[in-house]
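This report covers the two chains of the model shown below.

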Amino acid sequence: MTKRLPAFIFGLLLTMCVVLGIALLVGEVTPNRSHLQYAAMDRSDPALQETAVAWLGWVLGVLEIVFFVSCLVLGVGRRARGKRVFLLGGLVYAAVFTALTVTDAWYMEQDAPTLVLSFPVPTAWMLYGMWAAPLIFMAWYWIGFDRNILTPEDMETFRGIVQDRRNREEGES
Amino acid sequence: MEGARNTIVLVCVGLYMVICIIVGVWALRRTRSSRDFFMAGRDLGVFVTGIAVFSSTLSGFGFVGGPGLVYRMGMSSIWMVVCTGIGFSFSAILLAKRLRLFAEVCDPVSLPDVVAVRYRSESARFMTAIAILLGVIGYLAAQIKAMATVLQDIVSRNSAIGDLSLATCVVISCAVLVFYCVTGGIIASVYTDLFQGLVMIVAAILVFFTAMHAFPGGFASMSETIMADDPAAMGPWGTLGVLGCLSWYFLFSLGGTGQPHIITKMMMNKRVRDARNIIPVSFLGYGLSALLWISIGLVMRALVLQGTHPSLDNPDQAAPQFLQTYAHPILSGVVFAGLFAAIMSTADGFLNIAAAAIVHDIPRAIWGKSLKRELLWARTATVATAVVAAAFCLMYDDLVALLGAFGWGTFAVALVPVVAIGFNWKRATALAANVSMAVGLVTIFTLKLGGINLPYHIDGGAVALVLSLTVFFGISLFSKPPKLDPDVEKVMEI
């Protein structure tokens, strides 16, 4: 799996190029719309809230998440154990993003949106969910550092590499 | 005390400037070589490094530009904050250990030094140095603009001094910055990072609670006020829209691993094993400090919509005017001092890496050796870089945050593939590194300097990053596997 990972990541990038290409070809360049009363504030553009754009956004967002998780697995390397946590974390991450997208579709239709911890539901998914979901990876890193990232054996190997290099450089000089 | 508000703020800012100068003089005595000037002797502890990493990340861009963008666009720019969960995970897993291991093997003075050894390529070193210089100009211009904007706002309220032009404020800001940078180098940068990082955390928490109480009903009421005016502004995509926000999310999530002024610091910690704790310390610090970004932007938009506060002429005024109007005078003074501290220590990091690129990396790439009297030339290059960046900031009328986004994007498109990916993937080639940097930089500069806006407010930096990553992976996959330095290859196995 790890040997094919770079090719998989390349495939993801090509797909993102296609999605972005569609957006750039189909969309129009529209200037920021100034608030009618306060010039330094912007107001929203209904064209950016169309269903087709929302779907394109969901596809792009999921691609980004899969790309991010794949890069993390690339960084972890072949030898680290417990990589299933990345699959689990990725699924949670994508689920949170999907929940954000789905609730956002309903949000604009509500007269009096529900607030969760002071923010509308989709915004709460963004602020609390999208920020927190990836922390599973950082927790894995911190808790499993000595088992998965830098073992005592790794340190010994590394010291040997550094010592050999210094001995060679001293010998050459 | 309210009558003396402006005086208190000026005193706090002045006191901070004096502390900077003192640290600069102290660091001058410890800076005896270009290695001290650029790498601080690789002797820093976890806490110092962790706080330095986060405070380099959050700067004028976050303290002035961020609230300005929230004021202008609603929740759109919060994607630049929300990305820190995944962004710091990238820094931890892709870089923290890897960079520190390389630092011990390569004994570098700069990031291009490490790139040159990893790819066995002086052209890759050269391209990296050029990318750093180009990114520094844009990003440093944003810092200088932030400083000058805030200084102008503070000074204009003091009748004894009166109005000063933005250009005059740029000159005053740069004078202190350059003195501090020239004398202290990276040692001064890191230790002021520590001080201002702690100030930022304390200030941000206090500002958060102040903002909550500045608007009757707190954040829930602010949300309702903003939603009543424009529901989309409080939605997850703000007024920018879904594709614009996701392009920022992509650029800012990955981009942290390509910011040389941040990642260089990951090579300076004393022990390799410190890599475990540095990033979590940074993440916590950043998370607390980002409260200021979110709270000031939202409360100012709500206050203006409510009619309580006059409309702003420029969104970048959101933070200074909030502090001048609603914060306790002493808190205001502390936060302004912290704000200058944040800007200056990040700017110091930029000047330091630009000086390394000019006097160390480019001469090595072209002539195979560094300049004689490298420390003297480093100080000269520091001054020259500040002058060019100051001129750039006056030429471009962009908001602080948008100038910063351009600078961030320039670093990201060049260095994310080469460093974050290439340091973890043995198959990555020097050709891929060079071509991806060229493609990324040409794309982002064409879009920015050509004034080309993209549909759906998609950020040009994100498009450039996708392109440079695609080129990097594509060329590497279809090229012959490179022959690495044997020690580098063994280190990449760890």
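Chain A exposes about 9200 Å², of which carbon and sulfur atoms supply 63%. For chain B the accessible surface is about 14300 Å², with 65% belonging to carbon and sulfur atoms. These areas come from the Shrake-Rupley method with a 1.4 Å probe. The model is predicted: local features need pLDDT of at least 70, side-chain atom pairs count only at pLDDT 80 or more, and totals for chains, interfaces and linings use all residues. Residues are numbered from 1 along each chain as its sequence is written, and side-chain values use heavy atoms, without hydrogens and water.

Buried residues (under 20% relative accessible area, 1.4 Å probe, protein chains only) make up 46% of the 173 residues of chain A and 71% of the 494 residues of chain B.

Chain A holds 7 helices and 4 strands, in the order α-β-β-α-α-β-β-α-α-α-α from the N terminus. Chain B has 21 helices and 0 strands. Helices are DSSP runs of H or I with at least four residues, strands runs of E with at least two.

| Chain | C-alpha span along principal axes |
|---|---|
| Chain A | about 75 × 35 × 35 Å |
| Chain B | about 65 × 50 × 40 Å |

Key. Chains are lettered from A and ligands numbered from 1 in the order in which they are written. Buried means under 20% relative accessible area, exposed over 50%, partly exposed in between (1.4 Å probe, protein chains only).
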